[in-house]
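Here is a short briefing on a multi-chain model.

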Amino acid sequence: MPRSAVPEVKANPGPTALHPPKIEVQGLSCYYGRFRALTEVKLTIRERQITALIGPSGCGKSTFLRTLDRMNDVIEGARHEGAVLLDGEDILLPDVDVVALRRRVGMVFQRPNPFPMTIFDNVAYGPRIHGLARGSDLEDLVEDSLKRAALWEEVKDKLRHSAFDLSGGQQQRLCIARVLAVEPEVVLMDEPASALDPISTLRIEELMHELKQHYTIVIVTHNMQQAARVSDETGFFLNGEMIEFGPSTRIFTDPADKRTEDYITGRFG
Amino acid sequence: MTAQAKAPSLRLARRKAANGLMWGGAVLATLAALVPLGLILYYVAAQGISSLNLAFFTQLPKPVGESGGGMANAVVGSLILVGLASLVGLPIGLLGGIYLAEFGNNRLGWAIRFAADVLSGVPSIVIGMFVLALVVIPMHGVSAVAGGCALGLMMVPIAMRTTEELVRLVPMSLREGSLALGATHWRTIVKVVMQAAKGGVITGVLLAIARIAGEAAPILFTAGSTQWWNLKVTQGPMSSLPVQIYLYAGSPFEEWHRQAWAAALVLVTMVLLLSIAARYATRGRMRLVR
Amino acid sequence: MSAGRPRRRGRLGRANLEDRAFGWSTRLFALCVIAILALLGYVLARAAHPALLMFGWGFLSSSVWDPVREVFGAWPFIWGTLLSSTLALLIAVPISLGAAVFLAELAPPWLRNPISFLVELLAAVPSVVYGLWGLFVLAPMLRPVEAWLGHRLGFLPFFQGSAYGIGMLAAGLILAIMILPIITAVSREVLLAVPRTQREAAYSLGATRWEAIRGPVLRYARAGIMGAVILGLGRALGETMAVTMVIGNTPTTSLSLFSPAYTMPSVLANEFAEATGKLHSAALMEIALLLFGVAILVNAVARLLLWSVGRGAPRGVRE
């Protein structure tokens, strides 16, 4: 593919002192049984930025993402080596309380998965179990979360309707609101717009720009244009290894590794 | 994680405790569900084995007061009744199941499926009363045929649904291979599909038999009971193990109670073996029909 | 979509006929099921006709059952059926749901199938064997328990009267054991059908196992579990032999669990052989008709609930 096909990159400000490290990954390897999905991954995710992880299918980027909130624990035979430091503390240690961790590190999945409840109850689910708010405080929290997810205007009159009444794009924003309601510090997004139509996708991307003012965002995407559009830093994964990591402007215009360049210009993947 | 305020810790501890309670409750419930099984199997085995002997299978019941004797007529009678029931129930069940699998994706098919499910929920005694009115009264008396009809009716839903599921599981490629060679549809089904589903269909038959072999209510008034030999299937009562157990258990005679336990052991062993065989044969392949 | 039938011409018109005959004959057999149900209703109604005419709706509320004077009222039997089934549900549902949750959500994979199988074995035990066991093992075991209950909680109407072991409590217990397997098995399937993504969403929000099950999973499975419970109710309502052998077969309308009682299936089993006179038989047939109607209703509701969550449709490659 000709070089002119390289995606346009908005001039995102690079990492500055305003963005201290939030998550430091040191020598992370992940196994499903005997299969090694990740090998010695090392990178730093900075606070209140959007970090994108790209790579071909099966390269391990989703596995990496799921390690950050210990969601791999629910998979039989999954294990890890190395360390992942959240604010300096290793979350991979066995005595870490994953319930508390997952409040701080939330996840939005590829396909919207709203609960079979009302819109209000969906968003209120997290705050209720963690005891974050009750009564009118809870209503305020739900409203606030829906506003932050850019969904409030569309659902404010139908909070007691079933979440399944919403369109796909709206359901995904509902899932985002649901995560925001537990007041996380980090929001992980696993291909959040891949199941959505282009218009919904753009709205989610706009949303990400707003969200990054308050939250640290890590997104996995197979859509390079999207990664180039929204992210501040990007990591390229291939076969379970992290090949290259750095400011998105550099990765997409002047990658250091030939493999990165091949992927970006569409020679494979 | 450090940096937790005191109150959140308490709440977290409460949530963990609730989680632990759930685990405990679920495990307890599972044990509670298994204990009766153990108790029943134990008592049937313990009480039955002491009374079970060769005479049980070879001799007729002795008059009250005399010890010994057996239930030969009931054992044979049960076999005859199951055989007759299969003659009634299996054709309807198997052919009906084939219909549902091959032609049944329309409103009629769903109505039939629904009817079969509902039929399987009709109390067995009601089925017995139905056959009583329909067969026994016109025939002026109980008979093995009537009992077979009642039991056969009960086999229909199981046989139908099982056959349908198994025929559906046979891959399209098999059918297409046969049709492409110019075989007629029905030949395809009979020769190819049923061959492929053979094992499963046999399993379904076994399941249906296991279901009805232990039934007493439907044959109480249709096949009746007797202490003698009667091999005339269209005339006169036919004794069976389940009914004998019922009658003996309700009697005041110790000896008969012992015989009842022996009969229960035979019945339970047979039914359990059939069920285990059926379950083993279909493990993982299909959902067992209820 | 059924398999394509070859549409051929000429001498092959015969093949078309064969296939059509095959299609029609299987359809005929399948239709038998509907015919049987319809016939059932008709036959029972016709046999019950004299009693229907004679007693009307009062049949359901009257407690007089007198074969000599030829006056019949079915209320005690209805009461016995209702109470024993309710008792059975009260005991069985918590245990079944707990076991279903264990088998679907908590148990390690190697344990799931063996235990599910054991629970289903309970369903394979014939009714008369349950009755035999209930009569000679359970009832004697219950006597001291009932004595204790009467002693301690005798102020409650449920625990009054003398305790023989036989009676409503024994019947309720046996019924509970008998309906356990079906409620557990169907509930377990319903729980297994809840998509993994629901649980993942809950965990990712920081929920504990219990909170995930209590929230989205049970919500999702609600209709199906209700269907399972109603199926169990249907089984309990129609159960004959085991109940007859342990319930005491005395028409009463007492609230006491120690009291003997009578259920609709039991009176049919006991009295039909010696029914004196046409009206007596007709009254019994009316009870059978009532049972039939209730069983149909309950089962239809249960199946509809289960079909709505996709548990009634057969799997297979042809869909």
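A polar contact is a pair of N or O atoms within 3.5 Å; within protein, one atom must be able to donate a hydrogen and the other to accept it, and residues adjacent in sequence count only if both atoms are side-chain atoms. By that rule, chain B and chain C share 6 residue pairs in polar contact, with both residues at pLDDT 80 or more. The model is predicted: local features need pLDDT of at least 70, side-chain atom pairs count only at pLDDT 80 or more, and totals for chains, interfaces and linings use all residues. Residues are numbered from 1 along each chain as its sequence is written, chains are lettered from A and ligands numbered from 1 in the order in which they are written, and side-chain values use heavy atoms, with hydrogens and water left out.

**Chain B with chain C**

- Contact here means heavy atoms within 4.5 Å. It involves 94 residues of chain B and 96 residues of chain C.
- The two chains bury about 8,800 Å² between them, and 77% of that lies on carbon and sulfur atoms. Buried area is the accessible area (1.4 Å probe) that two parts lose on being put together, summed over both.
- Chain B and chain C are joined by 2 salt bridges. A salt bridge is a side-chain nitrogen of Lys or Arg within 4 Å of a carboxyl oxygen of Asp or Glu.
- One of these pairs Arg15(B) with Glu211(C), whose closest N and O atoms are 2.7 Å apart.
- Helix 1 (residues 6–51) of chain B supplies the largest share of the chain B side, 18 residues. Helices (H or I, at least four residues) and strands (E, at least two) are DSSP runs, numbered from the N terminus.
- That side of chain B divides into 69 nonpolar, 12 polar and 13 charged residues. Ala, Val, Leu, Ile, Met, Phe, Trp, Tyr, Cys and Pro count as nonpolar; Asp, Glu, Lys and Arg count as charged; the others, Gly among them, count as polar.

**Chain C with chain A**

- Here 18 residues of chain C touch 24 residues of chain A.
- The buried area is about 1,700 Å², with 63% from carbon and sulfur atoms.
- On the chain C side, Glu200(C), Ser204(C) and Leu205(C) lose the most area to chain A, together 36% of what that side buries.
- The count between these chains is 1 salt bridge. Glu200(C) meets Arg66(A) in a salt bridge at 3.2 Å, N to O.
- By class, the chain C side has 9 nonpolar, 6 polar and 3 charged residues.

**Largest pocket**

- A pocket is an open set of points on a 1 Å grid over the protein atoms alone, where a 1.4 Å probe fits, with protein on both sides within 12 Å along at least five of seven lines; lining residues have an atom within 4 Å of a point.
- The lining has 27 residues, and Val74(A), Glu105(C), Arg199(C), Tyr203(C) and Arg209(C) lie nearest the pocket centre.
- Helix 7 of chain C gives the most to this lining, with 4 residues.
- The lining is made up of 15 nonpolar, 2 polar and 10 charged residues.

**Chain C fold and salt bridges overall**

- Chain C has 11 helices and 2 strands. Its C-alpha trace spans about 75 × 60 × 35 Å along its principal axes.
- Over all chains, the whole structure holds 34 salt bridges.
- Lys147(A) and Glu143(A) form a salt bridge at 2.7 Å, N to O. These residues are about one helical turn apart because they lie 4 residues apart in helix 4 (residues 135–148) of chain A.
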